[in-house]
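Here is a friendly walk through one protein model, written to be read with the structure open beside it. Please take a moment to look it over before reading on.

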Amino acid sequence: MRIKEINFSGKKVGFYLDAGFEHLEKIVPKEKAILLTDKRIFSLHPHLFSGWNTIVIEGGEQHKQQSTIDEVIGQLIEKEADRNTYLIGVGGGVVTDIAGFVAGIYMRGISFGFVPTTLLAMVDAAIGGKNGIDAGVYKNLIGLIRQPDFLLYDYSLLKTLPDQEWANGFAEIIKHACIKKQGMFEDLNKHSLDYYRNNHAALASLVEENVIIKTTVVQNDEFEQGERRLLNFGHTLGHAIENIYELPHGYAISIGMICAARFSENIKGFKTTDTDRLKALLEKYALPTAISFDKEKIWGLIKLDKKRAGTTMRYILLESIGNGVVHEIPLTQLEELLGQIS
Ligand SMILES: NC(=O)c1ccc[n+]([C@@H]2O[C@H](COP(=O)([O-])OP(=O)(O)OC[C@H]3O[C@@H](n4cnc5c(N)ncnc54)[C@H](O)[C@@H]3O)[C@@H](O)[C@H]2O)c1
Ligand SMILES: [Zn+2]
(Lines give C-alpha, C1' and ligand atoms only; values in the text may rest on other atoms or scores of the structure.)
(Ligands and ions follow the chains in the order given, each with its own letter.)
Protein backbone atom coordinates (compact mmCIF):
# COMPACT_ATOMS: atom_id res chain seq x y z
CA MET A 1 0.00 0.00 0.00
CA ARG A 2 1.14 3.54 -0.72
CA ILE A 3 -0.38 6.59 0.95
CA LYS A 4 -0.40 9.77 -1.07
CA GLU A 5 -1.64 12.95 0.55
CA ILE A 6 -3.02 15.51 -1.82
CA ASN A 7 -3.81 19.07 -0.82
CA PHE A 8 -6.90 20.75 -2.11
CA SER A 9 -7.86 24.24 -0.99
CA GLY A 10 -8.14 23.92 2.74
CA LYS A 11 -8.24 20.12 2.76
CA LYS A 12 -5.75 17.26 2.73
CA VAL A 13 -7.11 14.11 1.10
CA GLY A 14 -5.47 10.73 1.75
CA PHE A 15 -5.19 8.36 -1.21
CA TYR A 16 -4.59 4.79 0.03
CA LEU A 17 -3.35 3.27 -3.21
CA ASP A 18 -3.10 -0.46 -3.86
CA ALA A 19 -4.57 -1.11 -0.42
CA GLY A 20 -6.68 -3.98 0.89
CA PHE A 21 -10.26 -3.26 1.92
CA GLU A 22 -9.40 -4.57 5.39
CA HIS A 23 -7.29 -1.44 5.92
CA LEU A 24 -10.50 0.62 6.09
CA GLU A 25 -11.01 0.01 9.80
CA LYS A 26 -7.56 1.44 10.46
CA ILE A 27 -8.67 4.69 8.83
CA VAL A 28 -12.11 4.85 10.45
CA PRO A 29 -13.19 2.77 13.47
CA LYS A 30 -16.15 0.53 12.66
CA GLU A 31 -18.34 2.02 15.36
CA LYS A 32 -18.05 5.52 13.88
CA ALA A 33 -18.75 4.56 10.28
CA ILE A 34 -21.74 3.92 8.11
CA LEU A 35 -21.05 2.34 4.74
CA LEU A 36 -23.23 3.16 1.75
CA THR A 37 -23.34 0.76 -1.17
CA ASP A 38 -25.67 -0.57 -3.86
CA LYS A 39 -27.45 -3.92 -4.00
CA ARG A 40 -25.22 -5.38 -6.67
CA ILE A 41 -21.96 -4.71 -4.83
CA PHE A 42 -23.52 -5.85 -1.57
CA SER A 43 -24.49 -9.19 -3.10
CA LEU A 44 -21.19 -9.68 -5.00
CA HIS A 45 -18.94 -8.81 -2.05
CA PRO A 46 -20.97 -9.54 1.12
CA HIS A 47 -17.83 -10.22 3.20
CA LEU A 48 -16.77 -6.56 2.87
CA PHE A 49 -19.72 -5.38 4.92
CA SER A 50 -19.70 -7.86 7.78
CA GLY A 51 -19.48 -6.02 11.08
CA TRP A 52 -20.06 -2.64 9.44
CA ASN A 53 -23.23 -0.61 9.78
CA THR A 54 -24.41 -0.49 6.16
CA ILE A 55 -27.04 1.25 4.06
CA VAL A 56 -27.84 -0.51 0.77
CA ILE A 57 -29.52 1.41 -2.05
CA GLU A 58 -30.82 0.43 -5.48
CA GLY A 59 -27.98 0.85 -7.99
CA GLY A 60 -27.97 2.60 -11.34
CA GLU A 61 -28.09 6.11 -12.71
CA GLN A 62 -31.91 6.14 -12.57
CA HIS A 63 -31.61 6.16 -8.78
CA LYS A 64 -29.18 9.09 -8.60
CA GLN A 65 -32.15 11.25 -7.72
CA GLN A 66 -33.52 13.19 -4.77
CA SER A 67 -35.79 10.29 -3.71
CA THR A 68 -32.69 8.17 -2.95
CA ILE A 69 -31.17 11.04 -0.97
CA ASP A 70 -34.34 11.22 1.16
CA GLU A 71 -34.19 7.48 1.70
CA VAL A 72 -30.52 7.53 2.78
CA ILE A 73 -31.13 10.47 5.12
CA GLY A 74 -34.07 8.56 6.63
CA GLN A 75 -31.77 5.61 7.33
CA LEU A 76 -29.07 7.85 8.79
CA ILE A 77 -31.63 9.27 11.23
CA GLU A 78 -32.81 5.75 12.07
CA LYS A 79 -29.21 4.69 12.73
CA GLU A 80 -28.74 7.79 14.91
CA ALA A 81 -25.91 9.13 12.78
CA ASP A 82 -24.51 12.33 14.29
CA ARG A 83 -21.83 14.90 13.49
CA ASN A 84 -19.10 12.39 14.39
CA THR A 85 -20.37 9.76 11.98
CA TYR A 86 -18.31 8.96 8.89
CA LEU A 87 -20.22 8.13 5.74
CA ILE A 88 -18.23 5.87 3.43
CA GLY A 89 -19.38 5.27 -0.12
CA VAL A 90 -18.34 1.81 -1.34
CA GLY A 91 -19.24 1.60 -4.99
CA GLY A 92 -19.19 3.11 -8.43
CA GLY A 93 -19.74 6.75 -9.30
CA VAL A 94 -23.44 6.64 -8.49
CA VAL A 95 -22.76 5.51 -4.93
CA THR A 96 -19.82 7.88 -4.37
CA ASP A 97 -21.77 10.85 -5.79
CA ILE A 98 -24.72 10.06 -3.50
CA ALA A 99 -22.51 9.43 -0.46
CA GLY A 100 -20.64 12.72 -0.98
CA PHE A 101 -23.84 14.68 -1.52
CA VAL A 102 -25.61 13.27 1.54
CA ALA A 103 -22.48 13.78 3.67
CA GLY A 104 -22.41 17.39 2.49
CA ILE A 105 -25.95 18.19 3.60
CA TYR A 106 -26.68 15.89 6.55
CA MET A 107 -26.38 18.02 9.72
CA ARG A 108 -24.79 20.66 7.46
CA GLY A 109 -21.97 18.29 6.67
CA ILE A 110 -20.38 15.16 8.11
CA SER A 111 -17.05 13.50 7.27
CA PHE A 112 -16.90 11.09 4.39
CA GLY A 113 -14.61 8.83 2.41
CA PHE A 114 -14.78 6.57 -0.64
CA VAL A 115 -13.88 3.06 -1.66
CA PRO A 116 -14.39 3.23 -5.43
CA THR A 117 -15.28 -0.18 -6.90
CA THR A 118 -15.48 0.60 -10.62
CA LEU A 119 -12.58 1.61 -12.83
CA LEU A 120 -14.51 4.76 -13.72
CA ALA A 121 -14.94 5.76 -10.09
CA MET A 122 -11.26 5.01 -9.36
CA VAL A 123 -9.92 7.25 -12.12
CA ASP A 124 -12.63 9.87 -12.21
CA ALA A 125 -15.94 9.98 -10.33
CA ALA A 126 -14.60 9.55 -6.79
CA ILE A 127 -11.87 12.17 -7.27
CA GLY A 128 -12.24 15.90 -7.07
CA GLY A 129 -15.00 16.59 -4.59
CA LYS A 130 -17.91 17.10 -6.99
CA ASN A 131 -20.87 15.37 -5.44
CA GLY A 132 -24.11 15.57 -7.30
CA ILE A 133 -27.37 13.98 -8.31
CA ASP A 134 -29.61 14.26 -11.35
CA ALA A 135 -32.89 16.15 -11.51
CA GLY A 136 -35.04 14.10 -13.87
CA VAL A 137 -33.10 13.91 -17.13
CA TYR A 138 -30.72 16.72 -16.17
CA LYS A 139 -27.46 15.11 -15.15
CA ASN A 140 -25.62 16.29 -12.05
CA LEU A 141 -27.76 19.40 -11.90
CA ILE A 142 -27.89 19.44 -8.11
CA GLY A 143 -24.81 19.16 -5.97
CA LEU A 144 -21.90 20.63 -4.13
CA ILE A 145 -18.12 20.66 -4.15
CA ARG A 146 -16.56 19.18 -1.01
CA GLN A 147 -13.55 16.90 -0.70
CA PRO A 148 -13.66 13.51 1.02
CA ASP A 149 -11.17 12.75 3.79
CA PHE A 150 -9.80 9.72 1.99
CA LEU A 151 -10.08 7.30 -0.89
CA LEU A 152 -9.10 3.65 -0.54
CA TYR A 153 -8.14 1.72 -3.68
CA ASP A 154 -8.47 -2.06 -3.60
CA TYR A 155 -7.92 -3.27 -7.17
CA SER A 156 -9.06 -6.80 -6.31
CA LEU A 157 -12.65 -5.47 -6.15
CA LEU A 158 -12.49 -5.04 -9.93
CA LYS A 159 -12.41 -8.82 -10.46
CA THR A 160 -16.23 -8.87 -10.57
CA LEU A 161 -16.55 -5.83 -12.82
CA PRO A 162 -18.48 -6.63 -16.05
CA ASP A 163 -16.92 -6.00 -19.49
CA GLN A 164 -19.10 -2.98 -20.14
CA GLU A 165 -17.92 -1.25 -16.95
CA TRP A 166 -14.29 -1.81 -17.90
CA ALA A 167 -14.95 -0.08 -21.22
CA ASN A 168 -16.74 2.75 -19.40
CA GLY A 169 -13.69 3.36 -17.23
CA PHE A 170 -11.37 3.34 -20.22
CA ALA A 171 -13.46 6.08 -21.85
CA GLU A 172 -12.44 8.47 -19.03
CA ILE A 173 -8.83 7.24 -19.15
CA ILE A 174 -8.68 7.94 -22.90
CA LYS A 175 -10.27 11.35 -22.18
CA HIS A 176 -7.44 12.13 -19.74
CA ALA A 177 -4.87 11.07 -22.36
CA CYS A 178 -6.50 13.31 -24.99
CA ILE A 179 -6.59 16.46 -22.90
CA LYS A 180 -3.34 16.05 -20.92
CA LYS A 181 -1.03 13.20 -21.74
CA GLN A 182 0.04 12.08 -25.17
CA GLY A 183 2.44 9.50 -23.67
CA MET A 184 -0.45 7.70 -22.02
CA PHE A 185 -2.34 7.71 -25.34
CA GLU A 186 0.62 5.90 -26.95
CA ASP A 187 0.86 3.41 -24.04
CA LEU A 188 -2.84 2.63 -24.34
CA ASN A 189 -2.31 2.09 -28.05
CA LYS A 190 0.47 -0.42 -27.37
CA HIS A 191 -1.55 -2.45 -24.87
CA SER A 192 -5.17 -3.61 -24.63
CA LEU A 193 -8.09 -3.81 -22.25
CA ASP A 194 -7.31 -7.45 -21.45
CA TYR A 195 -3.68 -6.63 -20.75
CA TYR A 196 -4.62 -4.13 -18.03
CA ARG A 197 -7.43 -6.30 -16.74
CA ASN A 198 -5.10 -9.24 -16.18
CA ASN A 199 -1.95 -7.45 -15.09
CA HIS A 200 -2.18 -6.04 -11.58
CA ALA A 201 1.01 -3.95 -11.75
CA ALA A 202 0.11 -2.40 -15.11
CA LEU A 203 -3.41 -1.61 -13.94
CA ALA A 204 -2.18 -0.12 -10.65
CA SER A 205 0.25 2.12 -12.44
CA LEU A 206 -2.35 3.20 -15.04
CA VAL A 207 -4.92 4.01 -12.33
CA GLU A 208 -2.34 6.01 -10.39
CA GLU A 209 -1.29 7.93 -13.48
CA ASN A 210 -4.93 8.89 -13.91
CA VAL A 211 -5.33 9.79 -10.24
CA ILE A 212 -2.43 12.20 -10.70
CA ILE A 213 -3.89 13.73 -13.88
CA LYS A 214 -7.31 14.28 -12.33
CA THR A 215 -6.07 15.53 -8.96
CA THR A 216 -3.62 17.92 -10.60
CA VAL A 217 -6.28 19.42 -12.85
CA VAL A 218 -8.65 19.76 -9.88
CA GLN A 219 -5.95 21.24 -7.63
CA ASN A 220 -5.24 23.90 -10.23
CA ASP A 221 -8.90 24.84 -10.42
CA GLU A 222 -11.02 23.30 -7.69
CA PHE A 223 -14.10 25.43 -8.34
CA GLU A 224 -14.09 25.09 -12.13
CA GLN A 225 -13.16 28.55 -13.31
CA GLY A 226 -10.72 27.36 -15.97
CA GLU A 227 -8.58 24.24 -16.37
CA ARG A 228 -11.04 21.86 -14.67
CA ARG A 229 -13.40 22.46 -17.57
CA LEU A 230 -11.07 20.35 -19.72
CA LEU A 231 -12.40 17.28 -17.92
CA ASN A 232 -15.66 17.88 -19.76
CA PHE A 233 -14.05 16.81 -23.06
CA GLY A 234 -16.67 14.71 -24.87
CA HIS A 235 -19.24 15.38 -22.18
CA THR A 236 -21.51 18.10 -23.62
CA LEU A 237 -22.74 15.99 -26.49
CA GLY A 238 -22.04 12.85 -24.45
CA HIS A 239 -24.46 13.76 -21.69
CA ALA A 240 -27.19 14.60 -24.22
CA ILE A 241 -26.71 11.22 -25.94
CA GLU A 242 -26.56 9.45 -22.58
CA ASN A 243 -29.88 10.96 -21.53
CA ILE A 244 -31.82 10.45 -24.72
CA TYR A 245 -30.51 7.03 -25.74
CA GLU A 246 -29.84 5.70 -22.25
CA LEU A 247 -26.33 4.64 -23.18
CA PRO A 248 -23.76 3.94 -20.44
CA HIS A 249 -21.81 7.08 -19.51
CA GLY A 250 -18.50 5.96 -21.05
CA TYR A 251 -20.13 4.84 -24.30
CA ALA A 252 -21.86 8.19 -24.66
CA ILE A 253 -18.75 10.26 -23.98
CA SER A 254 -16.78 8.10 -26.39
CA ILE A 255 -19.17 9.25 -29.13
CA GLY A 256 -18.99 12.78 -27.70
CA MET A 257 -15.18 12.75 -27.91
CA ILE A 258 -15.25 11.84 -31.60
CA CYS A 259 -17.71 14.69 -32.31
CA ALA A 260 -15.53 17.11 -30.30
CA ALA A 261 -12.47 15.91 -32.27
CA ARG A 262 -14.32 16.69 -35.52
CA PHE A 263 -15.24 20.16 -34.21
CA SER A 264 -11.55 20.55 -33.29
CA GLU A 265 -10.52 19.78 -36.88
CA ASN A 266 -12.78 22.61 -37.99
CA ILE A 267 -11.86 25.20 -35.35
CA LYS A 268 -8.37 24.28 -34.09
CA GLY A 269 -6.77 22.55 -37.05
CA PHE A 270 -6.69 19.23 -35.16
CA LYS A 271 -5.41 16.60 -37.59
CA THR A 272 -7.98 14.32 -39.25
CA THR A 273 -5.45 11.49 -38.90
CA ASP A 274 -5.48 12.08 -35.13
CA THR A 275 -9.28 11.82 -35.05
CA ASP A 276 -8.82 8.51 -36.86
CA ARG A 277 -6.25 7.38 -34.27
CA LEU A 278 -8.61 8.36 -31.45
CA LYS A 279 -11.44 6.45 -33.09
CA ALA A 280 -9.24 3.35 -33.45
CA LEU A 281 -8.13 3.58 -29.81
CA LEU A 282 -11.70 3.92 -28.51
CA GLU A 283 -12.73 0.93 -30.60
CA LYS A 284 -9.76 -1.06 -29.30
CA TYR A 285 -11.12 -0.47 -25.79
CA ALA A 286 -14.58 -1.75 -26.80
CA LEU A 287 -16.20 1.68 -27.03
CA PRO A 288 -18.70 2.84 -29.67
CA THR A 289 -17.70 5.88 -31.72
CA ALA A 290 -20.92 6.73 -33.56
CA ILE A 291 -24.67 6.53 -33.20
CA SER A 292 -27.36 7.86 -35.50
CA PHE A 293 -29.00 10.47 -33.33
CA ASP A 294 -31.92 12.85 -33.62
CA LYS A 295 -30.10 16.16 -34.01
CA GLU A 296 -33.05 18.30 -32.97
CA LYS A 297 -33.58 16.39 -29.75
CA ILE A 298 -29.86 16.45 -28.98
CA TRP A 299 -29.65 20.17 -29.71
CA GLY A 300 -32.61 20.79 -27.38
CA LEU A 301 -30.63 19.25 -24.52
CA ILE A 302 -27.22 20.69 -25.41
CA LYS A 303 -28.65 24.22 -25.26
CA LEU A 304 -29.49 23.63 -21.60
CA ASP A 305 -25.99 22.40 -20.70
CA LYS A 306 -24.38 23.96 -17.62
CA LYS A 307 -21.44 25.05 -19.80
CA ARG A 308 -23.59 27.46 -21.76
CA ALA A 309 -22.80 31.11 -21.11
CA GLY A 310 -25.38 33.34 -22.81
CA THR A 311 -25.07 32.93 -26.57
CA THR A 312 -21.91 30.85 -26.50
CA MET A 313 -20.97 27.43 -25.17
CA ARG A 314 -17.67 26.60 -23.50
CA TYR A 315 -16.64 23.59 -25.50
CA ILE A 316 -13.56 21.48 -24.94
CA LEU A 317 -11.51 21.02 -28.09
CA LEU A 318 -8.15 19.46 -28.90
CA GLU A 319 -5.23 21.30 -30.46
CA SER A 320 -3.37 18.01 -30.62
CA ILE A 321 -3.49 14.72 -28.73
CA GLY A 322 -2.56 15.56 -25.15
CA ASN A 323 -3.54 19.22 -25.49
CA GLY A 324 -7.10 20.09 -24.63
CA VAL A 325 -8.32 23.70 -24.67
CA VAL A 326 -11.47 25.53 -23.65
CA HIS A 327 -13.07 27.33 -26.58
CA GLU A 328 -16.16 29.51 -26.60
CA ILE A 329 -18.28 28.46 -29.57
CA PRO A 330 -21.22 30.69 -30.54
CA LEU A 331 -24.42 28.64 -30.29
CA THR A 332 -25.22 29.32 -33.95
CA GLN A 333 -21.87 27.87 -35.04
CA LEU A 334 -22.26 24.91 -32.70
CA GLU A 335 -25.66 24.10 -34.15
CA GLU A 336 -24.13 24.26 -37.62
CA LEU A 337 -21.20 21.99 -36.65
CA LEU A 338 -23.62 19.52 -35.13
CA GLY A 339 -25.59 19.52 -38.37
CA GLN A 340 -22.43 18.53 -40.28
CA ILE A 341 -21.77 15.43 -38.16
CA SER A 342 -22.67 12.36 -40.17
N1 LIG B 1 -18.41 13.39 -9.30
C2 LIG B 1 -17.71 13.40 -10.40
O3 LIG B 1 -16.78 14.18 -10.57
C4 LIG B 1 -18.03 12.41 -11.46
C5 LIG B 1 -17.15 12.21 -12.52
C6 LIG B 1 -17.47 11.24 -13.46
C7 LIG B 1 -18.63 10.50 -13.34
N8 LIG B 1 -19.47 10.73 -12.30
C9 LIG B 1 -20.70 9.96 -12.15
O10 LIG B 1 -20.38 8.59 -11.95
C11 LIG B 1 -21.47 7.78 -12.41
C12 LIG B 1 -20.92 6.66 -13.24
O13 LIG B 1 -20.05 5.90 -12.44
P14 LIG B 1 -19.99 4.31 -12.55
O15 LIG B 1 -19.84 3.92 -13.97
O16 LIG B 1 -19.00 3.83 -11.57
O17 LIG B 1 -21.50 3.94 -12.18
P18 LIG B 1 -22.24 2.97 -11.17
O19 LIG B 1 -22.01 3.34 -9.78
O20 LIG B 1 -23.64 2.95 -11.64
O21 LIG B 1 -21.56 1.56 -11.43
C22 LIG B 1 -21.83 0.86 -12.63
C23 LIG B 1 -22.39 -0.55 -12.36
O24 LIG B 1 -21.33 -1.37 -11.85
C25 LIG B 1 -21.75 -2.04 -10.66
N26 LIG B 1 -20.54 -2.27 -9.89
C27 LIG B 1 -19.84 -1.39 -9.15
N28 LIG B 1 -18.72 -1.95 -8.68
C29 LIG B 1 -18.71 -3.23 -9.10
C30 LIG B 1 -17.81 -4.32 -8.95
N31 LIG B 1 -16.66 -4.17 -8.30
N32 LIG B 1 -18.13 -5.50 -9.52
C33 LIG B 1 -19.29 -5.63 -10.23
N34 LIG B 1 -20.17 -4.64 -10.44
C35 LIG B 1 -19.87 -3.46 -9.87
C36 LIG B 1 -22.76 -1.11 -10.05
O37 LIG B 1 -23.63 -1.81 -9.20
C38 LIG B 1 -23.48 -0.57 -11.29
O39 LIG B 1 -24.45 -1.50 -11.70
C40 LIG B 1 -22.39 8.72 -13.16
O41 LIG B 1 -23.51 8.98 -12.36
C42 LIG B 1 -21.57 9.97 -13.38
O43 LIG B 1 -22.35 11.14 -13.45
C44 LIG B 1 -19.19 11.67 -11.36
ZN1 LIG C 1 -17.46 11.35 -17.35
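## About the model

This is a predicted model, in which local features need pLDDT of at least 70 and side-chain atom pairs count only at pLDDT 80 or more, while totals for chains, interfaces and linings use all residues. Residues are numbered from 1 along each chain as its sequence is written, and chains are lettered from A and ligands numbered from 1 in the order in which they are written.

## The whole chain

The chain has 14 helices and twelve strands; these are DSSP runs numbered from the N terminus, with helices being H or I of at least four residues and strands being E of at least two. With a radius of gyration of 20 Å, close to the 20 Å from the globule rule for 342 residues, the chain is as compact as a globular protein of that length. Here the radius is taken over C-alpha atoms, and the globule rule is 2.2 Å times the number of residues to the power 0.38. Along the principal axes, the C-alpha atoms fill a box of roughly 55 × 40 × 35 Å.

Of the 342 residues, 42% are buried. A residue is buried if 20 or more other C-beta atoms lie within 10 Å of its own, exposed if 12 or fewer, and partly exposed in between, with C-beta atoms placed from the backbone. Among contacts between residues at least 6 apart in sequence, 67% join residues at least 24 apart; a contact requires C-beta atoms, placed from the backbone, within 7 Å.

The domain assignment gives domain 1 (2-160) and domain 2 (163-340), with bounds that come from an automatic or database domain assignment. Taken over C-alpha atoms, the centres of the two domains are separated by 25 Å. At their contact, 19 residues of domain 1 meet 22 residues of domain 2.

Which elements give two or more residues to the side of domain 1 that touches domain 2? They are strand 1 (2-8), strand 2 (11-17), helix 5 and strand 8. Helix 5 has the largest share of this side, with five residues. By class, the side of domain 1 that touches domain 2 holds 13 nonpolar, three polar and three charged residues. In this scheme Ala, Val, Leu, Ile, Met, Phe, Trp, Tyr, Cys and Pro count as nonpolar, Asp, Glu, Lys and Arg as charged, and the others, Gly among them, as polar.

## The largest nonpolar core

In soluble globular proteins, nonpolar side chains tend to be buried together. A nonpolar core is a set of buried Ala, Val, Leu, Ile, Met, Phe, Trp, Tyr and Cys residues joined through C-beta atoms within 7 Å. The largest one here has 95 residues, of which L36, I88, I98, A99, I174 and C178 touch the most other members. Helix 11 (residues 249-268) gives the most to this core, with ten residues. Both domain 1 and domain 2 contribute residues, so the core lies between them.

Leaving out residues up to four places away in sequence, A99 touches L36, L87, I88, G89, F112 and F114.

## The shell around ligand 1

There are 31 residues around ligand 1, and R40, G92, G93, V94 and T118 come nearest; a residue is near a molecule if its C-beta atom, placed from the backbone, lies within 6 Å of it. At least two shell residues each come from helix 2 (39-44), helix 4 (93-105), helix 5 (119-125), strand 8 (138-145) and helix 6 (163-180).

Domain 1 and domain 2 both supply residues to the shell around ligand 1, so it lies between them.

## Some residues to look at

Y16 sits in strand 2 and is buried, with 21 other C-beta atoms within 10 Å. Not counting residues up to four places away in sequence, Y16 touches M1, I3, H23, F150, L151, L152 and Y153. F263, in helix 11, is also buried, with 25 C-beta neighbours inside 10 Å. With the sequence neighbours up to four places away left out, F263 touches Y315, L317 and L337.

R108 lies in the loop between helix 4 and strand 6 (111-116), and its phi is near 60°, a positive value in a residue other than glycine. R108 counts as exposed, with 7 C-beta neighbours inside 10 Å. A286 is in the loop between helix 12 (272-284) and helix 13 (295-302), has a positive phi near 65°, and is partly exposed, with 18 other C-beta atoms within 10 Å.

Definitions and conventions: Contact = placed C-beta atoms within 7 Å.
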